[in-house]
Amino acid sequence: MATALLPDSADLHNVNEPAELPDFDAFPIRHRLTAARACGQAVDLVWDDGAETRYHVMTLKENAPDIVHPVTREQATMLTDIPADLAAAEVGVDGVGGLWVRWSTGGISRFHPGWLRAYAPGAPEDVFALPPRVTWDAATMADLPRFDGPAAIADETVRTAWMEALYVYGAAILEGLPTDEEVIHRVPSLIGPLRETNFGKTFTVESKQDATSNAYTTMALPVHTDLCTREYEPGLQFLHCIRNDADGGENILADGFRLAERIKADAPEEYDALTTVPITFYNKATDTDFRCTVPMFDLDKDGDLSDVRWSPWLRAPVRASFEETDRLYRGLRRAFALAEDPAFTVTTKLKAGDLLCFDNRRALHGRVGYDPTTGGRKLMGCYVEREDLVSALRIMLRRRRAAEV
Ligand SMILES: [Fe+2]
């Protein structure tokens, strides 16, 4: 592969600054180009580690730093205003191992080598990868990750470590917070806005005479995810402990992803049913009727587990074929039995001032029953979307990349 001749009009071979970026991310230059070749609507690049990557000219053109909006860096040219037969007339490697392209329509665009590598089709590495999630059970998670609450509020490093643990393990506790009722508004807002539901912007978990949910009684609760009846199941749940001095009332958590791994290993056909046979999750109430019909385990485009809807008590009659229903019930029976096994659960008694947070689309939560004649139990809760946590983590990773530049 031969590098094209440089244009006479621009001495790009001697530039010593990489091209501008078409977004606000940071791209350390870990690899540089050694050669570039135009081939119709394809641009082929060779890197200093031997990797070869091919880009479509449309991908390059509509992300060219010289045509995105100079302030917002959003695309400012309609795709339909770019000729469909656009080609790279000439390409070359600039002085910092980036790419320049002379377009068939005229003009030259430059591309940053770090940006090119990050967005390479079939890139050898995923620059944007989030920290890998680590699944757990009782043997590998003796206690949930804990962080100092006031420090997480005041210190970005502690806050980042808390958020990272929350993403990686799906649950974490902030300790030593005040017990005033503002905490449930103030601390979750560090991640994102509170999501209001039919239980309000925040809710109080304590026994009530006119309970509208089993949560508002003193009974034991098997593990579950909240609001699995909603089209968009809340992503993060926060529970702030105001008081917890009655006998019992411990919180029980299980990693739904770990349980799914175990089911997949032990009974693949049942796992298949849980990932494919739709279940209608619906609430039973006189004034609302939320229904969501999806499999219990939702897989992403790569076939990896993305979301769990786990409800022992909010499922409508199954309307699949007899054979599918049979597999589904065997899978559900296995799942619910596993979740009862202490080998898969962590039990913790929250102290006043603790703030438990967990991924409600991954971590299952329940509670041990308690005796209200021996003391009180009051938790305040709210929901925040998981994508706000993921966005915060991406900004954290962006800052780490920026420190490397
Ligand atoms: Fe719940």
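This is a predicted model: local features need pLDDT of at least 70, side-chain atom pairs count only at pLDDT 80 or more; totals for chains, interfaces and linings use all residues.
Reader: How many Å separate the centres of domain 1 and domain 2?

Author: The chain is divided into domain 1, covering 12-129, and domain 2, covering 146-396, with bounds that come from an automatic or database domain assignment. Taken over C-alpha atoms, the centres of domain 1 and domain 2 are separated by 43 Å.

Reader: Are helices α7 and α8 roughly parallel or roughly perpendicular to each other?

Author: Helices (DSSP runs of H or I, at least four residues) and strands (E, at least two) are numbered from the N terminus, and axes are lines fitted to C-alpha atoms, for helices over the stretch in contact, with angles running from 0 to 180 degrees between N-to-C directions. The axes of α7 (residues 268-276) and α8 (residues 322-340) come within 8 Å and cross at roughly 100 degrees. Angles under 35 degrees count as roughly parallel, over 145 as roughly antiparallel, 65 to 115 as roughly perpendicular and the rest as oblique. The two helices α7 and α8 are therefore roughly perpendicular.

Reader: Is Arg73 buried, exposed or partly exposed?

Author: Arg73 is found in the loop between α1 (57-62) and β4 (88-93), and its phi is positive, near 60 degrees, in a residue other than glycine. A residue is buried if 20 or more other C-beta atoms, placed from the backbone, lie within 10 Å of its own, exposed if 12 or fewer, and partly exposed in between. Because Arg73 has 16 other C-beta atoms within 10 Å, it counts as partly exposed.

Reader: Is Leu227 buried or exposed?

Author: Leu227 lies in the loop between β11 (221-224) and β12 (236-244), and although it is not a glycine, it has a positive phi of about 55 degrees. Since Leu227 has 24 C-beta neighbours inside 10 Å, it counts as buried.

Reader: Which residues does His240 touch, not counting residues up to four places away in sequence?

Author: His240 lies in strand β12 and is buried, with 32 other C-beta atoms within 10 Å. Two residues are in contact if their C-beta atoms, placed from the backbone, lie within 7 Å. Leaving out residues up to four places away in sequence, His240 touches Val183, Ile184, Leu355, Leu379 and Met380.

Conventions
Residues are numbered from 1 along each chain as its sequence is written.
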